[in-house]
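Subject: Structure for you to look at

Hello,

Here is the structure I said I would pass on. Please open it first; my notes follow below.

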Amino acid sequence: MELAVWVIILPLLTAFSLGISKLYFKKIFFKLVIGSAILYLYLLILVITTSYPPKVYSIGQWGLLGINLMVDPLSALFLLIIALLFLPFIIFSMKYTKCIKHDYFIFSYLMVAGISGMVLTTDLFNLYVFMEVSSLSSCALSLYKKTDRGIEGTFKYLIMSTFGSFFILLATILTYYLTGTLNMAEISLAFEDTPFTIKSTIMAFFVFGYAIKIGLLPMHAWLPDAYEDSPIPYNVLSSGLVMKSAVYALIRGLYIMFGIDFLDESGLLTIVVFWGVITFITAHCLAFQQSNLNRLLAYSTIAQIAYIMIGLFVGTEAGLIAGSFHILNHAIMKGTLFFVVGIFNYSLAAVEIEDIKGLGYKFPILSFTFVVGSLAIVGLPPFNGFMSKWLIVEAALEAGFTYAAFFILVGTFLSLTYYLKVIVTLYTKNEKPLLIEEAGLSLKLPTIFLGSLCIVFGIVPSLPLHLITKIPTFLLDNGDYIRILIGG
Amino acid sequence: MEIAYVAVIILFCLGMYTIITKKNLIKIVIGITIVESSLILLLMLVGYKPGGTAPILDKRYEIVVDPITQALALTTIVIGGSVTAVMLAMVIKLHKRYRTLNIDEIRKLRG
Amino acid sequence: MSRLNERFTKLYKIGLVITFAYFLLVLFYDIHNLGTDRKRYLSEHYISQGVQETGATNLVASVLYDYRAFDTLGEATMILTAATVLAFLVPITKATMFGTPFKSIVNQTVKLIIPYIAVLGAYLILFGHISPGGGFVGGVVLSIIAILLTLTYSVEFSEYIFKPDQKKFIEDIGAIGFVLLGLLGIFTGSNFLSNGQANFGTGNAGEVFSAGLMPFINLMIGLKVSAGLAIIFNSLIKEK
Amino acid sequence: MIDIIFHLLFLFLIITAFFMVFTKDLSNSVITLPLFGAILVIIFVILQAPGVALAAAIMTAGLTTAFFVITINKTEYGRNE
């Protein structure tokens with residue numbers, strides 16, 4: 001069980017030693033990055049496989065006095081996403097980033113350390129600290145190209161994420177004031193006798209703070225600007241992990257500290273489902289008018305995360321399974337799409353949709369992966385997107401949110417239209433000769449790997465599902481999560 | 001003691017107002033510093049016990065102020081300081097590229 | 001038309017903020033008079049057994065570097081990230097700062113002050129677990145030396161004294177040292193970052209080398225923060 | 001006696017914050033920032049928090065003001081429109 005700590009320490013140690021290798025040992029840079037990425041992958045797989053009966057790892061052996069780490073099936077799912085996305089990200093960005101490489105990998109290792117810290121900790125303030133680490137290093141990555149628009153978009157991203165963190169910090173301080181502890185399990189025990197109004201206000205602060213970071217409706221304007229001029233491999237990690245870690249922190253905070261019956265009683269479930277429906281409708285409509293590929297995918301990320309929120313906040317066990325499965329699927333699908341767009345950008349600096357006219361015939365495999373990815377994200381039958389979207393619709397119907405289920409189907413057709421727009425331009429004939437810089441294998445391999453994962457998880461959904469079906473046992477009734485954490 | 005909580009609320013809302021309405025980039029970063037200082041002040045108020053002494057236990061004291069909030073406040077100060085430094089670096093870069101500090105003009109020039 | 005629109009959005013935002021302020025006032029009022037039986041068992045434990053368990057008389061340092069040392073690790077990476085971002089943002093052609101040529105009086109006084117600042121910084125770092133202060137505050141005081149050099153003489157002179165590569169190296173050494181000290185807990189059989197529990201000899205509370213690994217953690221963090229903030233200040237000055 | 005000082009300090013804190021936000025000239029509001037930080041440090045000392053007072057004195061009142069002054073200098077110094 002002490003491997004859980006290494007999941008956080010290893011990326012930190014690599015980031016620090018990369019800093020030193022930049023100065024004195026320039027030769028070992030390549031080996032260091034790849035070696036630690038592979039070691040990290042192996043470590044993650046070890047931690048995920050030994051994660052089922054969750055055990056508690058207390059930092060500094062202080063038990064409930066200090067900070068504890070715990071690998072719950074939900075955090076094991078996020079470690080699986082890190083495992084699936086991080087190595088392709090490293091291989092892809094080895095060749096993709098032309099300019100200084102040391103800082104790029106220092107930031108990416110710090111971001112992954114921040115996210116894995118957030119995912120493993122059971123302490124409220126530690127969650128806030130690691131969220132700040134991961135958001136600052138993701139801002140650093142997003143302004144890597146130093147273009148005017150990139151810096152402006154990142155500035156808005158940093159302002160909004162700090163604004164959201166203030167609300168989360170305010171809520172953390174108030175929970176500490178009311179309960180006297182910072183450990184989530186003890187907070188939920190101590191929250192039993194706080195009056196209803198105070199408890200729901202603190203919950204409102206948490207939801208508002210995390211909604212800014214997730215990009216729900218009124219606060220989503222910063223997301224497309226942050227994605228526009230940032231390096232494409234970073235977009236993969238950002239939409240696959242950074243946004244989702246905010247979703248994770250929200251789910252962990254609400255389900256463990258407040259408990260499912262309080263969420264139901266305070267009406268939060270219906271509010272968030274309604275909020276999700278409005279968000280993905282507007283996101284799909286806005287995505288339709290986009291001509292820039294990155295902005296289009298950014299709006300589609302907002303919509304997909306709205307689906308995830310609907311799935312997770314339906315409140316039933318099926319909803320939790322569907323939402324978590326969609327978290328995994330969306331990370332893979334968006335990863336393939338962004339990687340393919342990255343290769344088009346790398347080979348002929350394609351940014352707008354018109355630039356990729358007629359590429360279907362020059363890059364047959366890549367365009368096929370793009371079609372697979374976009375059909376999966378729209379939610380057509382043979383692919384994994386369909387599986388999770390169908391489970392979300394089923395859970396929404398079962399829990400009585402019929403309007404949500406209906407609007408998800410409407411959303412599917414809306415997203416079909418703008419993805420078809422891209423696919424059609426991909427395959428229309430294009431006379432003018434294109435100077436193409438050949439994309440090497442190290443760019444194609446990650447894309448094809450993630451594309452094939454789309455198909456595999458679509459046809460054999462039981463592969464990831466046997467991990468995901470264990471998630472609701474620790475979230476819905478937070479009793480045994482608390483028993484393990486306090487007993488441990 | 002109530003004026004302390006009232007001051008925290010006023011500072012928090014003043015900082016939030018500055019972030020939302022002010023057009024000048026540096027004023028927005030000042031607003032963020034104000035909100036952050038108000039949260040640190042709130043942390044100190046939460047941990048204060050009337051008649052308590054500082055948490056340096058060189059001798060036995062009967063009432064001691066809560067050390068946890070001071071550790072959290074130290075962490076928040078350092079985090080806020082480094083985030084402000086990064087923001088100000090971006091403000092300088094933005095000013096160099098767009099020759100203005102007004103956020104609306106930057107949006108117009110962005111194209 | 002935009003004047004009216006402008007006024008309307010301003011009023012809308014003021015209204016939003018005022019309702020939020022009233023909302024907070026009601027919340028704090030409820031919390032304040034609820035707080036008669038506030039449960040404070042965690043801080044009671046730290047106060048009563050803090051000195052025996054960790055050996056540090058400064059309870060804030062014992063919470064920061066022993067009970068919740070993981071927060072401090074996260075926070076130390078924050079400073080490293082900010083320093084790397086700012087060093088990365090500096091353009092190749094450096095900008096010169098306001099070149100006010102100081103008289104020799106200022107140069108002389110700076111030369112006299114610097115040793116005292118160094119002693120003060122070292123005191124704050126090494127006595128972190130006895131008197132208020134600690135790794136972060138001492139580190140910032142130490143970084144003031146580099147900042148004074150940049151302000152009074154010039155960035156080139158300060159870069160000549162403390163080369164950027166050396167500062168970056170010290171920062172990374174400090175960070176790795178902190179993690180290795182944490183790993184020391186694992187190698188001796190107990191968990192990560194364990195200081196008080198893993199009987200590292202907490203000694204008697206008042207002395208300098210008393211709280212197990214805490215003086216060394218303080219030292220590492222002090223080095224790291226001083227180098228990091230020197231890098232941050234210099235790259236902000238060189239920023240164009 | 002201490003209560004009167006306490007109330008005055010908080011009043012002065014709020015006045016400095018309002019002045020910082022609503023002055024037209026930018027360098028005025030940046031110069032008021034260390035004043036805001038200094039009052040905050042005094043309040044922390046009264047609230048029995050020496051470690052935090054030290055850190056706030058150096059970080060918010062000291063270094064952040066230096067960063068603001070540099071930013072003001074770089075942006076206004078270069079203003080040529």
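Chain C comes to 9 helices and 0 strands. Helices (H or I, at least four residues) and strands (E, at least two) are DSSP runs, numbered from the N terminus. Read from the N terminus, the elements of chain C go α-α-α-α-α-α-α-α-α.

Before the rest, the conventions. This is a predicted model, in which local features need pLDDT of at least 70 and side-chain atom pairs count only at pLDDT 80 or more, while totals for chains, interfaces and linings use all residues. Residues are numbered from 1 along each chain as its sequence is written, and chains are lettered from A and ligands numbered from 1 in the order in which they are written.

Chain C has 240 residues, and 50% of them are buried. Buried means 20 or more other C-beta atoms within 10 Å of the residue's own, with C-beta atoms placed from the backbone. Take the contacts in chain C between residues at least 6 apart in sequence: 73% join residues at least 24 apart. A contact means that the C-beta atoms of two residues, placed from the backbone, lie within 7 Å.

Now the chain pairs. There are 5 pairs of chains in contact, and chains A and C share the most contacts. Chain A puts in 42 residues there and chain C 41 residues. On the chain A side, the elements that each supply at least two residues include helix 1 (3-23), strand 1 (56-58) and helix 6 (148-179). By class, that side has 25 nonpolar, 14 polar and 3 charged residues. The classes: Ala, Val, Leu, Ile, Met, Phe, Trp, Tyr, Cys and Pro are nonpolar, Asp, Glu, Lys and Arg are charged, and the others, Gly among them, are polar.

Chains B and C also touch, through 30 residues from chain B and 38 residues from chain C. Helix 3 of chain B gives the most to the chain B side, with 16 residues. That side divides into 22 nonpolar, 4 polar and 4 charged residues. Chains A and D do not touch; their nearest C-alpha atoms are 15 Å apart.

Last, the core. The largest nonpolar core has 345 residues. Such a core is a set of buried Ala, Val, Leu, Ile, Met, Phe, Trp, Tyr and Cys residues joined through C-beta atoms within 7 Å. Helix 3 of chain B gives the most to this core, with 19 residues. Val86(B) is among the residues with the most contacts inside the core. Leaving out residues up to four places away in sequence, Val86(B) touches Leu136(A), Leu158(A), Ala82(C), Val85(C) and Leu86(C).

Best wishes

Notes: Buried ≥ 20, exposed ≤ 12 C-beta atoms within 10 Å, placed from the backbone.
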